[in-house]
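Dear colleague,

Please find below the structure we spoke about, followed by my notes on what came out of it. I have kept to what can be checked against the coordinates, and I would be glad if you read the two side by side.

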Amino acid sequence: MDKQQQDAQASDARPVLEGPDIARVMTRIAHEIVERAKGADDVVLLGIPTRGVFLAQRLAVKLEQITERKVPCGSLDITMYRDDLRMHPPRALARTEIPGDGIDGKLVVLVDDVLFSGRTIRAALDALNDIGRPRAVQLAVLVDRGHRELPIRADYVGKNLPTSLRETVKVQLAEEDGRDTVLLGAKADQ
Amino acid sequence: MQRHLISAADLTRDDAVLILDTAEEMARVADRPIKKLPTLRGRTIVNLFFEDSTRTRISFEAAEKRLSADVINFSAKGSSVSKGESLKDTAQTLEAMGVDAVVIRHGASGAPYRLANSGWIDAAVINAGDGTHQHPTQALLDAFTMRRRLVGRDAGLGQDLAGKRITIVGDVLHSRVARSNVDLLHTLGAEVTLVAPPTLLPVGIETWPCEVSYDLDSTLPKCDAVMMLRVQRERMNAAFFPTEREYSRRYGLDGDRMAKLPEHAIVMHPGPMVRGMEITAEVADSGRCTAIEQVANGVSIRMAVLYLLLGGNEPAVTHTRPTGSEEK
């Protein structure tokens with residue numbers, strides 16, 4: 001898809017979450033994590049590049065405000081673990097940054113922007129396997145748009161967004177795109 | 001479609017920077033408890049070594065295994081090659097066994113090119129050093145080492161080596177490392193100066209994208225990295241300089257010469273080092289010498305090259321290269 005097409009598509013797209021909504025949703029997820037983890041002492045947040053990393057960093061700030069403790073936060077690149085590697089040219093790699101104390105025996109919360117087929121999360125679970133053995137792994141996503149192709153579900157969902165396969169969901173975050181929004185648009189004709 | 005890496009000159013600036021950036025992420029795998037990625041599962045790679053090599057062969061093998069490829073090692077000694085088998089027959093034997101990539105080191109310049117363009121095999125060909133022609137992964141790992149030391153690990157991501165002054169000293173005539181480095185460093189925007197006695201510079205060097213000097217001492221104060229080359233006695237069939245002591249005195253790097261380098265400059269050597277000849281033990285063991293670091297970086301670079309050439313359905317680098325003449 002070229003730039004022009006992308007812009008044309010963005011103009012058709014309808015925002016379903018705006019900046020303040022995203023902030024409220026992240027606050028709620030942070031509270032849910034503390035509640036379910038009974039204080040979140042051993043929580044390690046791992047964002048999946050690109051936008052999951054920024055969401056994980058935002059969650060870390062909110063968790064610190066709630067628990068008054070620093071929460072380890074890192075990133076987990078899943079490119080090398082994808083199941084569709086052989087269907088595309090190799091992709092550029094993103095950074096994997098595991099916090100200093102590692103993940104052994106910790107409660108790892110994976111953070112991503114959109115949960116769709118579930119294949120990214122499967123790859124992330126494989127990648128985690130090579131890095132250590134967490135006590136448990138949970139999943140936090142900003143948007144769950146359905147259409148799972150694997151038996152995977154999220155523990156914390158910002159917004160459930162029923163979509164058709166003809167639609168696209170695009171998350172934009174200030175750190176990467178200059179503004180916070182979730183856009184629901186029509187898929188460009190192929 | 002080109003799936004080969006034959007020459008450092010085949011890489012565009014963006015290709016080279018992508019390889020260096022990818023290697024930076026690959027390097028982090030070495031710090032993990034499980035140094036393995038599943039990326040090349042089920043792909044078979046043959047290391048076809050017609051010439052002696054320790055570090056390149058082991059480095060490629062480590063890179064292949066870290067990416068979970070199936071590795072077959074072949075060295076000319078103890079194979080049918082010593083019974084007189086030709087490159088073509090060896091290649092077709094490998095093809096029949098269904099290999100996905102061939103990493104080849106050969107004493108004859110152009111052997112990897114021939115293998116890649118002859119139609120003998122479908123596999124990707126990666127040049128691991130051919131005669132006095134090219135050694136592209138060495139140039140890439142040298143550039144990677146320079147970028148890490150002179151620009152910075154994280155600061156270097158996405159960056160080339162624009163404006164860095166690199167001096168390469170020694171047996172340029174017989175050196176594929178020098179040729180590959182001149183090509184790649186030029187692509188990455190660095191300024192290269194070659195320093196050697198006139199007898200160890202090849203004919204036609206004035207067409208290379210670099211400066212040439214016969215005087216090491218005047219070059220040292222204005223360079224960011226100096227790369228010492230080994231005098232390749234095994235490729236020499238004539239007297240190129242009067243005595244080893246004279247060569248060493250004029251073109252060897254000792255402690256006094258190292259002191260003339262700028263504070264931040266590094267000393268590089270592709271190995272194997274001949275201590276007392278082109279480099280003294282004092283320099284080789286100093287913190288400014290990156291020889292060991294280069295070996296470690298070699299594994300990361302080779303992982304990056306293998307991933308970018310073989311990881312997907314088509315290569316992410318070198319595909320813009322114009323195809324050579326197809327011969328059957």
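The contact between the chains takes 14 residues from chain A and 19 residues from chain B, two residues being in contact if their C-beta atoms, placed from the backbone, lie within 7 Å. On the side of chain A that touches chain B there are nine nonpolar, two polar and three charged residues, where Ala, Val, Leu, Ile, Met, Phe, Trp, Tyr, Cys and Pro count as nonpolar, Asp, Glu, Lys and Arg as charged, and the others, Gly among them, as polar.

Before going further, please note that this is a predicted model, in which local features need pLDDT of at least 70 and side-chain atom pairs count only at pLDDT 80 or more, while totals for chains, interfaces and linings use all residues. Residues are numbered from 1 along each chain as its sequence is written, and chains are lettered from A and ligands numbered from 1 in the order in which they are written.

Chain B is assigned domain 1 (8-134 + 294-310) and domain 2 (136-290), with bounds that come from an automatic or database domain assignment. Taken over C-alpha atoms, the centres of domain 1 and domain 2 of chain B are separated by 25 Å. Their contact takes 27 residues from domain 1 of chain B and 28 residues from domain 2 of chain B. On the side of domain 1 of chain B that touches domain 2 of chain B, the elements giving two or more residues are α1, β4 and α11 of chain B, and the largest share, eight residues, comes from α1(B); helices (H or I, at least four residues) and strands (E, at least two) are DSSP runs, numbered from the N terminus. By class, that side of domain 1 of chain B has 12 nonpolar, nine polar and six charged residues.

The largest nonpolar core has 143 residues, and those with the most contacts inside it are L45(A), L59(A), I19(B), V102(B), A143(B) and V226(B). Such a core is a set of buried Ala, Val, Leu, Ile, Met, Phe, Trp, Tyr and Cys residues joined through C-beta atoms within 7 Å, and a residue is buried if 20 or more other C-beta atoms lie within 10 Å of its own, exposed if 12 or fewer, and partly exposed in between. The most is given to this core by α11(B), with 11 residues. Domain 1 (8-134 + 294-310) and domain 2 (136-290) of chain B both give residues to the core, so it lies between them. Leaving aside its neighbours within four places in sequence, A143(B) is in contact with A16(B), L20(B), L161(B), L184(B), L185(B) and L188(B).

Helix α2 (residues 55-66) of chain B has 12 residues and reaches 16 Å from its first C-alpha to its last, close to the 16 Å expected at 1.5 Å a residue, the expected span being 1.5 Å times one less than the number of residues. The buried residues of α2(B) are T56(B), S59(B), F60(B), A63(B), E64(B) and R66(B). Seen down the axis of α2(B), these buried residues fall within an arc of 165 degrees, so they line one face of the helix; the arc is that of the directions from the helix axis to the C-beta atoms. Among the elements that cover them are α1 (13-29), β1 (44-49) and α11 (291-310) of chain B.

In chain A, helix α3 (residues 51-67) has 17 residues and reaches 24 Å from its first C-alpha to its last, close to the 24 Å expected at 1.5 Å a residue. Its buried residues include F54(A), L55(A), L59(A) and L63(A). Helix α3(A) is followed by E68(A), whose phi is positive, near 55 degrees.

Finally, some backbone points deserve a look, given that most residues other than glycine have a negative phi, and most peptide bonds are trans. The peptide bond from P49(A) to T50(A) is cis, with omega near 0 degrees, and T50(A) lies in the loop between β2 (43-47) and α3 of chain A. Another cis peptide bond joins G271(B) and P272(B), with omega about -10 degrees. H147(A), which is not a glycine, has a positive phi of about 65 degrees and is partly exposed, with 13 other C-beta atoms within 10 Å.

With best wishes
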